[in-house]
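Here is a brief report on one protein chain.

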Amino acid sequence: MTLTIAIDGPAGSGKSSVSKQVARALGYGYLDTGAAYRALAWHVLARGTGAASDTADEAVVVAAASEFPYAISLDPDDYWVRVGQADVTAAIREPRVTAAVSGVARVSAVRAQVNELFRRLVRDSGRPGVVVEGRDITTVVAPDAAVRILLTAAPEVRAARRSAELSGEDAHAVAAALHRRDAADSTVVDFLTAADGVTVVDSTELDFAQTVEAVLDVISATDPTPQENHDGR
Ligand SMILES: Nc1ncnc2c1ncn2[C@@H]1O[C@H](COP(=O)(O)OP(=O)(O)OP(=O)(O)O)[C@@H](O)[C@H]1O
Ligand SMILES: Nc1ccn([C@@H]2O[C@H](COP(=O)(O)O)[C@@H](O)[C@H]2O)c(=O)n1
């Protein structure tokens with residue numbers, strides 16, 4: 001049985017970097033669920049130009065999802081994402097993919113498909129636990145996870161952290177893109193409010209190491225008995 005640590009939060013709240021470090025500290029796997037939506041957006045865009053690559057067209061997205069040879073590493077020290085033979089680890093972070101991903105993520109058939117994949121990846125991970133991060137992990141993907149955390153930070157702090165990462169780009173444009181994506185995503189999933197039983201970790205006043213420590217504290221304060229996976233297996 002694999003223990004699930006579920007972490008949700010808005011863009012730039014530190015979900016991926018903090019979850020990866022928490023997974024390392026615990027000897028757990030790390031599952032980045034946003035990578036699946038990003039890789040599907042990349043896959044649609046890779047179909048060329050014109051209607052066939054329109055990520056805002058639900059039929060196009062569903063068709064692409066039906067032939068989507070997706071693979072991801074759960075090793076926090078060897079992270080990669082592939083679509084077929086293509087290593088898309090870096091490509092899915094490109095602004096053109098980031099700008100297109102919310103369109104893909106609002107298709108409910110796609111969400112159902114990738115949620116099943118996430119549960120299977122955790123179940124088959126062969127690890128004692130997996131830290132799973134995204135937007136709807138605490139509520140939809142693994143509502144019965146052993147530990148459920150909403151990782152937040154003030155919008156201006158998240159924007160500043162993302163800008164620091166993308167030092168060559170205009171800070172205002174980076175902040176605007178981040179808030180635009182949150183606004184689009186929050187019409188599909190509520191990742192700004194903690195559901196019942198979800199612990200909030202607000203990193204606004206914390207540095208990276210303190211945030212990792214705060215998450216580890218929540219985990220150790222919670223009974224770490226492995227729970228059955230959401231689908232009962
Ligand atoms: N507590 C913190 N203090 C300072 N910097 C932080 C903190 N947490 C995360 N960061 C930094 O903020 C940036 C954004 O973090 P990260 O990419 O992990 O966010 P995210 O929530 O996964 O974002 P997205 O949803 O857009 O992928 C990274 O550069 C990360 O190192
Ligand atoms: N559980 C999730 C995770 C992600 N998304 C969508 O994917 C986009 C990219 O996510 P990142 O964490 O890599 O930034 C995100 O903007 C959402 O559109 C999701 O819907 N559910």
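## Annotated span

UniProt positions are given here in the numbering of this chain, and such annotations may be inferred rather than shown by experiment. The model itself is predicted.

An unreviewed UniProt entry lists residues 5-219 as "domain: Cytidylate kinase".

## Helix H9: length and cap

Helix H9 covers residues 208-221. At 1.5 Å a residue, its 14 residues should span 20 Å, and the end C-alpha atoms are 20 Å apart, so the two values agree.

Asp207 caps the N-terminal end of H9. One of its side-chain oxygens lies 3.2 Å from the backbone nitrogen of Ala209.

Which residues of H9 are buried? They are Thr211, Val212, Val215, Leu216, Val218 and Ile219. Seen down the axis of H9, these buried residues fall within an arc of 155 degrees, so they line one face of the helix. An α-helix has 3.6 residues a turn, so residues three or four places apart point the same way.

The cover over the buried residues of H9 includes strands E1 (3-8), E7 (147-152) and E8 (199-202), and helix H1 (15-26). The face turned away from the buried side carries exposed Ala209, Ser220 and Ala221.

Technical notes: Residues are numbered from 1 along each chain as its sequence is written. Chains are lettered from A and ligands numbered from 1 in the order in which they are written. This is a predicted model: local features need pLDDT of at least 70, side-chain atom pairs count only at pLDDT 80 or more; totals for chains, interfaces and linings use all residues. Side-chain values use heavy atoms; hydrogens and water are left out. Helices (H or I, at least four residues) and strands (E, at least two) are DSSP runs, numbered from the N terminus. The expected span of a helix is 1.5 Å times one less than its number of residues. Buried means under 20% relative accessible area, exposed over 50%, partly exposed in between (1.4 Å probe, protein chains only). The arc is that of the directions from the helix axis to the C-beta atoms. Contact means heavy atoms within 4.5 Å. A polar contact is a pair of N or O atoms within 3.5 Å; within protein, one must be able to donate a hydrogen and the other to accept it, and residues adjacent in sequence count only if both atoms are side-chain atoms.
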